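Dear colleague,

I am passing on the structure below, together with notes on a few of its features. Please read the notes with the model open beside them.

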Amino acid sequence: MNTGTTFPDDFVWGTATASFQVEGAATVDGRKPSIWDTFCRTPGKVAFGHTGDVATDQYHRYDEDVRLMHELGVGSYRFSLAWPRIYPDGHGARNPRGFDYYNRLVDALLAHGIAPAVTLYHWDLPQTLQDEGGWPVRETALHFEEYARACFEALGDRVKSWITINEPWCVTLLSHLMGEHAPGLRDEQAAYSAIHHVNLAHGIALRVFREGGYDGRIGTTLNLSTPRPATSRDEDRLAADRAADRDSRMFLDPLLGRSYPERHLAAHPGVDLPVRDGDMELIAGKLDFLGLNYYNERAVRFDAEAPEQFVTVTTHHPLTAMGWPIVPDGLYRQLHWVNSQTGGLPLYVTENGCACDDRLSSDGTRVHDTDRIDYLRSHFRVCARAIEDGVSLKGYYLWSLIDNFEWAWGYTRRFGIVFCDYTDLRRVPKDSYYFYREVIAGNEPV
Ligand code: FCB
């Protein structure tokens, strides 16, 4: 008997990956380098100099991964398209073999009753576009138009769910201000120019989709930061609200037809956002849904000395193998906050999961990842609670189907519910895979 919380019958259960993290086949069938291929080869940027050359080799092993998903029972697979496979130089000449792989993958998914949810951009910018200026220049957003249209044309007859850009915060601030992701810049103006151009690229893709009259739904995926106040003091509440300006409102507000947050811009008078007439209207184009990637929540307190008068404080939550605090209630709070901002827009958790120190059992057939099961269960529970409260949460995509290239951490961090043995690329479902299968089937109370 299921005594736990239940989910609506039409709730979408899925898994997620991204092209650079799983595909491999970096030089196969006309693909040219992306900024991540370059970054991996830049000394000191990626753990052990790991690359995406092979990754999990999903490019050649997608059949096995689709079968694993079918046996898992997911209704949808979120994956991304590699821009440098389709336009190896970013624009101009289209690579005719670019879509062959995605056609095969999409057809295999549909043959197994799994709906593709396709992200257009999950960070693998063609290197040529970077050489021409990358996201800090407007042309990159304009080239995104040609790329997005090609994707809708080629796959839109079968793909009914589209995500424009994954985590603009990472594309811009983490990559252009903090230097931790490709292209590894530490340049404030470049970062803020990138913010506007990434938002613009999203808006342009929306327009192309609407004007093309494609059948399906289109949205985007944000990793919002909605920190909680360290105490209930008013000054800490205000600090928490200010902390959301840069990391959330710079991305969410323009989508909702608001301007960039004045309070944040006023604190950065030297920064220029290269907004032109008509841009904000494009960016505020109609969304069919909003995706949220949630991993953790931080706490902040007021600090009169800090640039925007807040600092992050240490909390005492258990940590994942990434060192990220496990705060399921933070997802609950974020879902409510976003719901209050978006007023009934369908929401999806497009990524959630955790890295654990997974080990193969001595006979090589199992991985007992009980920590991941605990993490997932606690996050499923708050999703169910939010739905009961009336939050319009429609689905959940677990990050990740399979262990993969975890960006600057290379292969040293494992997020999968399927273990990838990088010595022979063998796939071994972990205990969390079997747990998720039972949850999806409705047999496992959460
Ligand atoms: C997110 C990324 C995803 C993955 C997870 C762990 O920020 O979108 O590709 O690396 O973190």
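I begin with helix 9 and helix 10 (residues 234–255), which pack at an angle of about 35 degrees, their axes lying 10 Å apart. Axes here are lines fitted to C-alpha atoms, for helices over the stretch in contact, and angles run from 0 to 180 degrees between N-to-C directions; helices (H or I, at least four residues) and strands (E, at least two) are DSSP runs, numbered from the N terminus. The crossing of helix 9 past helix 10 is right-handed, a term that applies if the near helix is turned clockwise from the far one by less than a right angle, whereas anticlockwise counts as left-handed. Helix 9 contributes Y192, I195, N199 and H202 to the contact, and helix 10 contributes R246, M250, F251, P254 and L255, where contact means heavy atoms within 4.5 Å. By class, these residues are 6 nonpolar, 2 polar and 1 charged (Ala, Val, Leu, Ile, Met, Phe, Trp, Tyr, Cys and Pro count as nonpolar, Asp, Glu, Lys and Arg as charged, and the others, Gly among them, as polar).

Please keep in mind that this is a predicted model, in which local features need pLDDT of at least 70 and side-chain atom pairs count only at pLDDT 80 or more, while totals for chains, interfaces and linings use all residues. Residues are numbered from 1 along each chain as its sequence is written, and side-chain values use heavy atoms, with hydrogens and water left out.

On the helix 8 side the contact includes V171 and L173, and on the helix 9 side it includes Y192 and I195.

In helix 5 (residues 98–111), the buried residues include F99, Y101, Y102 and L105, buried being under 20% relative accessible area, exposed over 50% and partly exposed in between (1.4 Å probe, protein chains only). Among the elements that cover them are helix 3 (58–72), strand 3 (115–121) and helix 7 (138–155). G113, which follows helix 5, has a positive phi, near 70 degrees.

As to cysteines, the count of disulfides is 0, a disulfide being a pair of cysteine sulfur atoms within 2.5 Å. For C40, the nearest cysteine sulfur is that of C170, 16 Å away. C40 counts as buried at 4% relative accessibility, and C151 is buried at 0%.
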